[in-house]
Amino acid sequence: MIAMGAGNHGEQYALTFEVMRRLSLSSEEVWMHYHSMGGCLEAFEVGACLHGLVRLPAVDRDMIAHAVNELYDDICRGGRAPYSTELVDRPHDE
């Protein structure tokens, strides 16, 4: 279920949550879209992840970011949530 993530997970969570805030997306809306894409985390796990309370593997973080980005694309264009590979060269938390 919940595993230690690698890389800049804290920054990814914060930036993803910021995109959600700008769009007025709830954790539940993100979870529903994530789940429809085949995500296997429960709604409370996605919410905890988005609030930086748990560390997830990059694959789960990226799937959540992808769900946010697809919802974003439905609404507007620009400032998307980052995938873990986009943050690789940044010297932040591990």
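Reader: Which residues touch the most other members of the largest nonpolar core?
Author: They are Val30, Tyr34, Val46, Leu56 and Ile64, in a core of 23 residues. A nonpolar core is a set of buried Ala, Val, Leu, Ile, Met, Phe, Trp, Tyr and Cys residues joined through side-chain atoms within 4.5 Å, and buried means under 20% relative accessible area (1.4 Å probe, protein chains only). This is a predicted model, in which local features need pLDDT of at least 70, side-chain atom pairs count only at pLDDT 80 or more, and totals for chains, interfaces and linings use all residues. Residues are numbered from 1 along each chain as its sequence is written, and side-chain values use heavy atoms, with hydrogens and water left out.

Reader: And which elements give two or more residues to this core?
Author: Those elements are α1, α2, α3 (43-50) and α4. The largest share, six residues, comes from α4. These helices are DSSP runs (H or I, at least four residues), numbered from the N terminus.

Reader: What does Val46 touch?
Author: Leaving aside residues up to four places away in sequence, Val46 touches Val30, Trp31, Tyr34, Leu41 and Ile64. Contact here means heavy atoms within 4.5 Å.

Reader: New topic: where does Arg61 lie?
Author: Arg61 lies in helix α4, residues 58-75. The side chain of Arg61 makes a polar contact with that of Gln12, at 2.6 Å. A polar contact is a pair of N or O atoms within 3.5 Å; within protein, one must be able to donate a hydrogen and the other to accept it, and residues adjacent in sequence count only if both atoms are side-chain atoms.

Definitions and conventions: Buried < 20%, exposed > 50% of the residue type's maximum accessible area, 1.4 Å probe, protein only.
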